[in-house]
Amino acid sequence: VLFGAGSLGRALAGYRGFEKHNIRIAAIVDVDPSKVGQMIGDISVEALEKLKKIRERTDARIAVIAVPAPAALEVTKEVLAAGFDGIVNFAPVRLHLPENIALYSVDLSIAFENITYKLKGGK
């Protein structure tokens with residue numbers, strides 16, 4: 001389940017490379033009422049309040065957090081309460097999770113710092 005129907009969320013939802021690895025976005029969730037009901041591809045954006053039902057309906061195990069930093073901690077609380085097993089975090093915040101929850105954080109600013117360092121002659 002993808003959290004965040006903004007620019008990054010839309011880009012992730014439209015990424016065709018997932019299909020090669022049998023990864024499917026089962027649902028898209030957002031807190032912005034103006035985005036709820038919008039279609040992203042063939043998926044209708046749903047409200048965060050419906051998360052437990054979405055999780056049950058889709059049997060999704062992984063949450064993808066693509067929300068602004070201030071919203072990430074609240075979304076993470078909802079994700080944990082709904083029973084997800086893993087999180088891929090694109091929000092620029094550090095998440096502290098129970099040991100039984102798998103976490104992979106993608107920090108785009110670190111990626112750019114890394115490549116800039118290498119371009120300047122770093123190894």
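A pocket here is an open set of points on a 1 Å grid over the protein atoms alone, where a 1.4 Å probe fits and protein lies on both sides within 12 Å along at least five of seven lines. The model is predicted: local features need pLDDT of at least 70, side-chain atom pairs count only at pLDDT 80 or more, and totals for chains, interfaces and linings use all residues. Residues are numbered from 1 along each chain as its sequence is written, and side-chain values use heavy atoms, with hydrogens and water left out.

**View 1. The second largest pocket.** This pocket holds about 230 Å³ of space, a volume being the space filled by probe spheres set on the grid points, which are joined across faces, edges and corners. It is lined by 13 residues, and Ala13, Arg16, Ile25, Asp42 and Ile43 are the closest to its centre; lining residues have an atom within 4 Å of a point. Helices α1 (7-14) and α2 (17-20) are the elements that give two or more residues to this lining; helices are DSSP runs (H or I, at least four residues), numbered from the N terminus.

**View 2. The largest pocket.** The volume of the largest pocket is about 380 Å³. Its lining has 16 residues, with Val1, Ile23, Arg24, Ile62 and Val64 nearest the centre.

View 3. Thr76 is located in helix α4 (residues 69-82). The residue is buried, at a relative accessible area of 6% (buried means under 20%, with a 1.4 Å probe and protein chains only). Beyond its neighbours within four places in sequence, Thr76 contacts Ile65, Ile87, Leu95 and Leu97 (heavy atoms within 4.5 Å).

How values were computed:
Buried < 20%, exposed > 50% of the residue type's maximum accessible area, 1.4 Å probe, protein only.
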